Amino acid sequence: MLEITGLGHSYGAHRVLEGIDLKVGEGELVTIVGPSGCGKSTLLRCIAGLVPPSEGKVVLRGAPIDGVPDDLAVVFQDYSRSLLPWLTVRDNVALPLRRRGLAKAARRAQAVEALASVGLKDAAGKYPWQLSGGMQQRVSIARALAYRPALMLMDEPFGSVDAQTREDLEDLVLQVHRAQGMTILLVTHDIDESVYLGDRVVVLARNPGRVRDELPVTLPAGRDQIGTRADAEFVRLRAEVGRLVRGVVKDSEAADALDAKGGASVEEPVKK
Ligand SMILES: Nc1ncnc2c1ncn2[C@@H]1O[C@H](COP(=O)(O)OP(=O)(O)OP(=O)(O)O)[C@@H](O)[C@H]1O
Ligand SMILES: [Mg+2]
């Protein structure tokens, strides 16, 4: 469904992403983990057509991306800036549904249903600024779910919610993914979450951001918070992703230290 080839991006002279190759199949749920600043959000912005990459290309269902594709929803990391303060929660969630050509009543009904699924039915008539950070984040998740996109990009979507809500939202994402056959790319800092949710985990390294490794998650599709996390295969995968992420962090810290001293990088040399 999605094919990223040789993607690189620089902000001015700052090289953030390099040589990213990634294929995502129809209906797959791929999780992306990597250290802070490795370019995860930049990668999602390139896929969403919000930032034109400096190099390489992103092809969605056979068409190169130039601009934001129609059948896409994004849950931004910075949820507090992604809701419109002058619209009620319900109208925020219903707004993108105009693009779906739905009548007003249908838009509102779909919005309320999505809000109920994230446990916020009673907040429908409130304004975003009347809600806590975690509730605002759930509103942006509801907005993406209501749109029922073919491809959903989620950038640290559960960062500000409490542990219990986080588990509930993880299970909601799995349920929606199964029921609607949606393709999902989800960025997380949480190693357990990357394994619990993913059909595949992609580990990114930084300076510049690139794919360090990919691990298929060989766990049965029907996952549950207690059973799956106790499964021997889950424990093995978590340890393996943990080792990869720690390796990435250790390498880049060493690289940062050497860079600061003006020495050579321990990571692969940057192509000039
Ligand atoms: N609009 C921008 N202009 C200039 N530099 C930017 C911009 N956005 C991000 N950067 C820089 O690019 C690098 C990667 O940022 P990005 O937000 O993609 O990382 P990230 O992996 O999502 O980090 P985090 O885990 O903290 O969210 C950082 O060094 C950041 O300072
Ligand atoms: Mg980010």
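**Figure 1. Thr31 and its contacts in the predicted model.** Let's start with Thr31 in this predicted model, where the residue sits in strand E3, residues 29–33. Setting aside neighbours within four places in sequence, Thr31 is in contact with Leu186, Ser194, Leu197, Gly198, Arg200, Val201 and Val202. Is Thr31 buried or exposed? Its relative accessibility is 0%, so Thr31 counts as buried, the cut-off for that class being under 20%.

Figure 2. Domain 1 gives 19 residues to the contact, and domain 2 gives 12 residues. How much area is buried between domain 1 and domain 2? The value is about 1,200 Å², with 59% of it from carbon and sulfur atoms.

**Figure 3. Salt bridges and polar contacts across the interface.** The rule finds 2 salt bridges across the interface of domain 1 and domain 2. For a view of a salt bridge, look at the side chains of Arg99 and Asp70, which meet at 2.6 Å, N to O. Across the interface of domain 1 and domain 2 there are also 6 residue pairs in polar contact, with both residues at pLDDT 80 or more.

**Figure 4. The side of domain 1 that touches domain 2.** Which elements give two or more residues to this side of domain 1? They are strand E7 (151–155) and helix H5 (163–180). H5 provides the largest share of the side that touches domain 2, with 5 residues. Sorted by class, this side of domain 1 has 12 nonpolar, 4 polar and 3 charged residues.

**Figure 5. A cis peptide bond in a loop.** Most peptide bonds are trans, but a cis peptide bond joins Asn207 and Pro208, with omega about -5°. You can find Pro208 in the loop between strand E9 (200–205) and strand E10 (210–216).

Figure 6. Most residues other than glycine have a negative phi. Arg61, however, has a positive phi near 45°, and its place is in the loop between strand E4 (55–60) and strand E5 (63–64). Arg148 is not a glycine either, and has a positive phi of about 50°. This arginine, Arg148, lies in the loop between helix H4 (133–147) and E7. Because its relative accessibility is 39%, Arg148 counts as partly exposed.

Definitions and conventions. Residues numbered from 1 in each chain as written. Chains lettered and ligands numbered in written order. Predicted model: local features only at pLDDT ≥ 70, side-chain atom pairs only at ≥ 80, totals over all residues. Heavy atoms only, no water. Contact = heavy atoms within 4.5 Å. Buried area = accessible area lost by both parts, 1.4 Å probe. Salt bridge = Lys/Arg side-chain N within 4 Å of Asp/Glu carboxyl O. Polar contact = N/O pair within 3.5 Å; in protein donor to acceptor, adjacent residues only side chain to side chain. Helix = DSSP H or I, 4+ residues; strand = E, 2+ residues; numbered from the N terminus. Nonpolar A, V, L, I, M, F, W, Y, C, P; charged D, E, K, R; others polar. Buried < 20%, exposed > 50% of the residue type's maximum accessible area, 1.4 Å probe, protein only.
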